[in-house]
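Subject: Structure for you to look at

Hello,

Here is the structure you asked for. Please open it next to this email and follow along.

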Amino acid sequence: MKTIADRISESGIRIEKISKSSGISKDRILEFMAGADPSLYELRKLADALKMNVSDFVVDSGVRHRANFLFRQTLPRNRVQGLRFIDDYSRQIGYSFEVLDTTQKSILPFKHFKVMHHTYEEADTNAATFRSLFCDNDLVSPLLSLPSIVIEKLQTLLFVLPEQSVDGASAIIDGQAFIFVSPRFAPRMLFTLAHEIGHLIAHHESREEFATLDLENQTGRLKRSVKKSEAFADTFAGCLLLPKEGVGIALKKIRELVGAQSDSIGDIELLYLSRIFGVSFQAAAVRCEDLNLLPPGGAISLYEKLTKEHGSPEKRAESINLPPRPKIEFPMVPRRLLLSAINKIRNGEISIGRASNALKLSIADIMLYNTQRTH
Amino acid sequence: MINLVNGRVFDNVLTLGSDDFFIGSLSYGECKDPYRTKVDQAIANGSLSLLDDSRVSATRFADLLNQYSLGDGETECLLFTTDLGYSMASDDRKARTIAQSQAGESRVTGSLGLLRKAVRAGKLSQQNAMDAYTKMLESGGFLPGIDVNFFT
């Protein structure tokens with residue numbers, strides 16, 4: 001069993017607080033930390049207090065352990081305590097391998113990408129390659145279906161996990177790619193997803209396992225990160241979601257629609273652009289800076305102006321009655337994982353309770369999917 | 001339990017009279033509505049009781065979890081079966097196989113076994129049981145193929 005001392009220490013929660021919320025005396029908790037065997041009741045109360053499952057004290061597979069180590073390596077030493085999301089992501093990776101049908105192991109389709117220097121040109125070329133390979137060579141249209149493209153064509157397991165302090169994360173473990181996105185404003189999630197794809201294509205050539213974490217507000221920044229890999233992932237995301245040709249065509253039509261007279265692009269054109277391509281105002285504005293359609297610093301200036309005068313770009317869009325944003329669907333569970341789980345439950349290779357833990361679905365929900373599979 | 005509720009026979013089975021029925025705290029925690037409400041009602045009317053998990057060791061739970069990789073509720077159920085002599089009711093194929101190997105076939109049953117018991121006790125007709133089975137399947141239950149003769 002993973003020691004209770006480890007779990008308490010990793011949680012970053014004080015023993016007094018755990019004692020209060022679990023109803024177990026501080027002395028008894030100290031006994032557990034010294035190695036005493038709790039009853040299942042006591043373990044359950046501790047798990048509740050730490051907002052964990054009882055199995056979190058137990059299951060620590062090799063894969064999960066490796067993923068945990070790789071995620072922790074991406075952060076400075078003084079920041080690795082109390083970061084529950086690392087455990088959550090690692091656990092999800094470990095569970096996924098239990099559920100996946102390993103006889104149908106996918107070969108990651110990343111060999112067509114090449115990233116050497118993390119330059120803008122490389123981001124642009126790789127984004128075009130992505131569209132050519134996975135979007136029927138469509139180098140113009142919005143990519144609102146990127147989540148399903150990632151799952152179906154990129155053979156990547158995409159999870160939407162609620163983690164307040166993280167925008168997203170990605171990893172390649174044992175040859176399987178994973179992307180985690182936190183639930184937020186859908187356009188922001190779409191950009192984070194594209195950002196994580198940027199990380200995956202930039203790292204795949206190392207042929208080693210890797211993991212990367214993007215803490216809150218690290219993706220889609222108005223001011224590019226000084227870290228090359230982060231700046232590359234953001235640039236790649238911009239190139240992928242807002243392709244040069246598509247932006248050109250869209251802007252021409254938008255300017256005709258709004259009767260734009262000035263040579264320069266204003267907030268209204270950008271708000272339209274952001275809605276068409278399913279990204280935030282900030283992402284559209286930064287992309288226009290990259291394409292020299294806005295002067296350097298123009299994105300920040302326009303964003304600050306809209307925030308000051310209207311509260312936010314979205315409020316400004318509502319005030320001028322722009323059409324509503326198109327819906328962007330993020331599946332709750334990767335279909336490949338779900339189908340594999342249902343087959344394994346039927347064959348007695350995994351139990352429905354374990355699959356429920358792995359898929360973060362209730363047992364009743366898995367049965368509902370089984371109904372759809374059967375009929 | 002979910003299958004019995006889906007088959008609209010949960011109450012019939014719990015009032016068989018020949019057995020006492022229990023649910024573990026972890027299994028209870030895994031129940032979502034509308035199943036949770038049914039369980040709460042059964043606990044309130046005394047036809048179902050919560051198991052006392054202060055009687056079992058967490059280390060033993062961890063050992064079983066590591067060894068068999070079942071879900072938390074299933075492992076808890078297995079623990080009470082192997083260590084405290086309870087019988088186990090589960091429709092999960094893997095959990096049943098493990099429990100049968102550890103406790104013997106006679107101490108493991110499932111929804112269909114309980115339905116058959118209800119038929120034999122005169123609580124349900126064979127056709128009632130078959131109808132319940134059909135409803136369970138239609139609700140996504142992972143159950144084996146049987147015909148009405150199973151309930152004789």
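A:Asn137 is placed in the loop between α7 and α8 of chain A; helices here are DSSP runs of H or I with at least four residues, strands are runs of E with at least two, and both are numbered from the N terminus. This residue is not a glycine, yet A:Asn137 has a positive phi of about 60°. With a relative accessible area of 47%, A:Asn137 is partly exposed. On this scale buried means under 20% relative accessible area, exposed means over 50%, and partly exposed lies in between (1.4 Å probe, protein chains only).

A:Asp136 is in the loop between α7 (120–134) and α8 (146–152) of chain A. A:Asp136 also has a positive phi, of about 50°, and is not a glycine. Its relative accessibility is 71%, so A:Asp136 counts as exposed.

Before the rest, some notes on the source. This is a predicted model, in which local features need pLDDT of at least 70 and side-chain atom pairs count only at pLDDT 80 or more, while totals for chains, interfaces and linings use all residues. Residues are numbered from 1 along each chain as its sequence is written, chains are lettered from A and ligands numbered from 1 in the order in which they are written, and side-chain values use heavy atoms, with hydrogens and water left out.

Chain B has a cis peptide bond from B:Asp33 to B:Pro34, with omega near 10°. B:Pro34 sits in the loop between α3 (25–30) and α4 (35–44) of chain B.

Next, the interface. Chain A and chain B each give 34 residues to the contact, where contact means heavy atoms within 4.5 Å. About 2,700 Å² is buried between chain A and chain B, and carbon and sulfur atoms give 63% of that area. Buried area is the accessible area (1.4 Å probe) that two parts lose on being put together, summed over both. In chain A, the residues that lose the most area to chain B are A:Leu40, A:Val58 and A:Met367, together 22% of what that side buries.

What is the count of salt bridges between chain A and chain B? The count is one, with a salt bridge being a side-chain nitrogen of Lys or Arg within 4 Å of a carboxyl oxygen of Asp or Glu. A:Arg44 forms a salt bridge with B:Asp53, and the closest N and O atoms are 2.6 Å apart. On the side of chain A that touches chain B, α18(A) gives the most, with seven residues.

Regards
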